Amino acid sequence: MKTSLTIAGSDSSGGAGIQADLKTFSALGTYGMSVITAVTAQNTRGVLSVQDISPNIIEDQLDAIFTDIKVDSVKIGMLSTVETIKVVAKKLKEYNAPYIVLDPVMISKSGYDLLHPEAVEALKEELLPLASVVTPNVPEACKLTGAEIKTIEEMEDAARLLIKEGPSAILMKGGHLEEEPTDVLFNGEMFTHFYGKRIQTKNTHGTGCTLSAAISAGLARGLALEDAVKQAKEYITGAIKNSLNIGSGHGPTHHFYDLYEKAGVYKEERV
Ligand SMILES: Nc1ncnc2c1ncn2[C@@H]1O[C@H](COP(=O)(O)OP(=O)(O)OP(=O)(O)O)[C@@H](O)[C@H]1O
Ligand SMILES: Cc1ncc(COP(=O)(O)O)c(N)n1
C-alpha cells in the first residue's frame, strides 16, 4: 500500500487540517500518517485558540516517520511560525521527500491567522522551491505574489509570477472568485483549467485541505499531476455536494469511498 504524510494543524472539529487529510487519504486508498504542527481549538464557527507545537517535537515526528517508513507523498498544511517552516524544510530536504503538495494555509474561513503574517516570506523562501505543486486560493496567491486577482486571466498571470519562486507547478483555486469555481493548473509550460459548478452551501470548511490531500494521495498512487488534480477535483466536488450540516457555522465536507468510486478510478487501481 502506498503511504501519504500530512504535515499540518489539528482541527478539533474534524473538518479541516490533519483530520480532513487523514480521512481523504483513507478514502483514496493510501495509508495516512501525520506530523502535527499546531493544535487548534476550533469548531464550525471559528478558531478559539492555537497551541503551536515546539520545533523539537516536529523534528522528532518527522524523524520517527522517515527513519522507519517509506513515504510516497507529502501534503503540507498549517505551519504557523518561521521556526516550524524552517524545521519542516530542513527535514524534507534531508530525507529527499517525494511529491510534496504545499497548501499555503494562511487564514481560516472564519478569519483567524493560521500562519503568522511575518512567516509568509519564510514560506516562500524555504518551501516553495521544494513543492511539486503549490495550491493557493486566490487571497493566498495575492499575498504570495503581490498581484490583484479577480479573473481567470489574472489567476494565470499570478501563476506565471509564482512559478518563478521555484515550485514545479501551481494549482490556483478559484473557490473565492465570484464566478464558477474554476481551478487553474500551471506546470511552467501550459495551463489546464478544471471547471466546477458552484454548489450552494455554507458547509465548505476544509475544502482546500481536502483538495490538497487528495492530490497528494493521487501522486502517491502513481497518477500524473494532471490526473491527480482531476481526480481530486472530482473528489472535493462530491465531498461538498455531500457536506454535512453539523454545527451552526461552516459545516465540514463529507468523505467516503463512493466519491472516488464514482470518479471511476478506485476499483481499477486498487487491486
Ligand atoms: N461552493 C463551491 N462549489 C463547488 N466547488 C467549490 C466551492 N467552493 C470551493 N470549491 C472548490 O473547492 C476547492 C477548494 O477551493 P477554495 O478556493 O475554497 O480553497 P480554500 O479557500 O483554500 O479552502 P479552505 O476553505 O479549506 O481554506 C477548489 O477546487 C474549489 O474550486
Ligand atoms: C488546522 C487547520 N488547517 C487548515 C484550516 C483551513 O481551512 P478553512 O479555510 O476551511 O477554515 C483550518 N481551519 N484549520
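Analyst: Let us begin with a pair of facing residues: Ile-7 stands opposite Ile-76 in S4. Please keep in mind that this is a predicted model.

User: Which way do S1 and S4 run, and how many bridges join them?

Analyst: S1 and S4 run parallel, and four bridges join them.

User: What about S4 and S5: how many bridges are there?

Analyst: Three bridges join S4 to S5, and these two strands also run parallel. One pair to look for is Lys-75 with its bridge partner Val-101 in S5.

User: Are the residues of S4 buried or exposed?

Analyst: Strand S4, residues 73-76, is covered on both faces. Ser-73 and Lys-75 lie on one side, Val-74 and Ile-76 lie on the other, and all four are buried.

User: Now the hairpin, please. How do S8 and S9 run?

Analyst: Strand S8 (residues 183-186) and strand S9 (residues 191-194) run antiparallel, joined by four bridges. Within this pairing, His-193 in S9 is the residue opposite Val-184.

User: How many residues lie between those two strands, and which one takes a positive phi?

Analyst: The hairpin has four residues between its strands, and Gly-188 takes a positive phi near 95°.

User: Where is Asn-96, and where is Tyr-99?

Analyst: Asn-96 lies in the loop between helix H3 (82-94) and strand S5 (100-102). Tyr-99 lies in the loop between H3 and S5 as well.

User: Is Asn-96 buried or exposed, and why?

Analyst: Asn-96 counts as exposed because it has 7 C-beta neighbours inside 10 Å. The cut-off for an exposed residue is 12 or fewer.

User: And Tyr-99: buried or exposed?

Analyst: Tyr-99 is buried, because 22 other C-beta atoms lie within 10 Å of it. A residue needs 20 or more to count as buried.

User: Changing topic to the helices: at what angle do H2 and H3 pack?

Analyst: Helix H2 (residues 55-66) and H3 pack at an angle of about 25°, and their axes are 9 Å apart. The cut-off for this description is under 35 degrees, so H2 and H3 are roughly parallel to each other.

User: Is their crossing left-handed or right-handed?

Analyst: The crossing of H2 and H3 is right-handed.

User: Finally, the ligands. How many residues surround ligand 1?

Analyst: Ligand 1 is surrounded by 22 residues, and the closest are Asn-137, Lys-173, Gly-175, Pro-181 and Gly-208.

User: Which helices each supply at least two residues of that shell?

Analyst: They are helix H7 (207-220) and helix H8 (225-241). By class, the shell around ligand 1 holds seven nonpolar, 10 polar and five charged residues.

User: What surrounds ligand 2?

Analyst: Ligand 2 has 17 residues around it, of which the closest are Gly-9, Ala-16, Gly-17, Ser-108 and Lys-109. Strand S1 (3-11), strand S2 (31-42) and H7 each give two or more residues to this shell.

User: Which element gives the largest share?

Analyst: S1 does, with three residues of the shell around ligand 2.

User: How does that shell divide by class?

Analyst: The shell around ligand 2 has six nonpolar, nine polar and two charged residues.

Key:
Residues are numbered from 1 along each chain as its sequence is written. Chains are lettered from A and ligands numbered from 1 in the order in which they are written. This is a predicted model: local features need pLDDT of at least 70, side-chain atom pairs count only at pLDDT 80 or more; totals for chains, interfaces and linings use all residues. A residue is near a molecule or strand if its C-beta atom, placed from the backbone, lies within 6 Å of it. Ala, Val, Leu, Ile, Met, Phe, Trp, Tyr, Cys and Pro count as nonpolar, Asp, Glu, Lys and Arg as charged, and the others, Gly among them, as polar. Two strands pair if DSSP finds at least two bridges between them. Axes are lines fitted to C-alpha atoms, for helices over the stretch in contact, and angles run from 0 to 180 degrees between N-to-C directions. Angles under 35 degrees count as roughly parallel, over 145 as roughly antiparallel, 65 to 115 as roughly perpendicular and the rest as oblique. A crossing is left-handed if the near helix is turned anticlockwise from the far one by less than a right angle, and right-handed if clockwise.
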